[in-house]
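Take a walk through this structure with the model open beside you.

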Amino acid sequence: MRKITIEGRDYDLKFGLKGLFTFESITGHSYEGKSTFDTYVLEYSCLLAFNPDAFTMTFDKFVEVCDVDEGIMDAFVEVLKDRNSLENQKIVKKKGVEKG
């Protein structure tokens, strides 16, 4: 699990079902990755979901902080890439087992 520092506080930064469910609760729709706005809401949702007692920032404040520190979104993109890579490895292994 990655950690990220936002305004001097450390938070867990990860992606998972809790984050997706929080995203759906906030937006009223599933995440499709079609807009920049949704991607920022997804990161915000994941921070809320995986830091329930520690992350209390409003979305507007989160956007302000991201506007100053682009590394916040960059770190989340890396988390998503890592997750995607793991999922791809699982698919390849599964296909290998089915052919074997």
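Glu 78 is partly exposed, with a relative accessible area of 31%. The side chain of Glu 78 meets that of Lys 81 in a salt bridge, at 3.6 Å from N to O. A salt bridge here means a side-chain nitrogen of Lys or Arg within 4 Å of a carboxyl oxygen of Asp or Glu. Both residues sit in helix α4 (residues 71-99), three residues apart, so about one helical turn separates them.

This is a predicted model: local features need pLDDT of at least 70, side-chain atom pairs count only at pLDDT 80 or more, and totals for chains, interfaces and linings use all residues. Residues are numbered from 1 along each chain as its sequence is written, and side-chain values use heavy atoms, with hydrogens and water left out.

Now step back to the whole chain. Its secondary structure comes to four helices and two strands. Along the sequence they run β-β-α-α-α-α. Helices (H or I, at least four residues) and strands (E, at least two) are DSSP runs, numbered from the N terminus. The chain has 100 residues, and 31% of them are buried. Its accessible surface is about 6700 Å², with 52% belonging to carbon and sulfur atoms. These areas come from the Shrake-Rupley method with a 1.4 Å probe; for residues, only the protein chains shown count as cover. Contact means heavy atoms within 4.5 Å. Among contacts in the chain with a separation of 6 or more, 55% are between residues 24 or more positions apart.

Back to the charges. Side chains of opposite charge can pair when their charged atoms come close. How many salt bridges are there? The count is five. One of them joins Lys 61 to Glu 7, with the closest N and O atoms 3.3 Å apart. This pair links distant parts of the chain, 54 residues apart: Lys 61 is in helix α3, and Glu 7 is in the loop between β1 (2-6) and β2 (9-13). Lys 61 is partly exposed, at 31% relative accessible area. Glu 7 is exposed, at 52%.

Lys 34 forms a salt bridge with Glu 32, and here the closest N and O atoms are 3.2 Å apart. Lys 34 is exposed, with a relative accessible area of 70%. Glu 32 is exposed too, at 54%.

Lys 34 also matters for the next stop, Asp 38. Is Asp 38 buried or exposed? Asp 38 is buried, yet has no salt bridge. The nearest side chain of opposite charge is Lys 34, 8.8 Å away. For charge, Lys and Arg count as positive and Asp and Glu as negative, while His and the chain ends are not counted. Asp 38 lies in helix α2 (residues 36-50). Beyond its neighbours within four places in sequence, Asp 38 is in contact with Phe 23, His 29 and Tyr 31.

Thr 39 is also in helix α2. At 17% relative accessibility, Thr 39 counts as buried. With neighbours within four places set aside, Thr 39 contacts Tyr 31, Met 73 and Phe 76.

Next come the rings. The whole structure holds eight aromatic pairs. The rings of Tyr 44 and Phe 55 have centres 5.6 Å apart and planes at 70 degrees, so this pair is edge-to-face. Rings of Phe, Tyr and Trp (its six-membered ring) pair if their centres lie within 6.5 Å; planes under 30 degrees apart are stacked, over 60 edge-to-face, and the rest tilted. Tyr 44 is buried, at 10% relative accessible area. Phe 55 is buried at 2%. Phe 55 also pairs with Phe 62: the centres are 6.3 Å apart and the planes at 85 degrees, so that pair is edge-to-face. Tyr 11, Phe 37, Tyr 44, Phe 55, Phe 59 and Phe 62 form one aromatic cluster.

In soluble globular proteins, nonpolar side chains tend to be buried together. A nonpolar core is a set of buried Ala, Val, Leu, Ile, Met, Phe, Trp, Tyr and Cys residues joined through side-chain atoms within 4.5 Å. The largest one has 23 residues, and Ile 4, Ile 6, Leu 47, Phe 55, Phe 62 and Phe 76 touch the most other members. β1, β2, α2, α3 and α4 each supply at least two residues of this core. Helix α2 gives the most, with seven.

Notes:
Buried means under 20% relative accessible area, exposed over 50%, partly exposed in between (1.4 Å probe, protein chains only).
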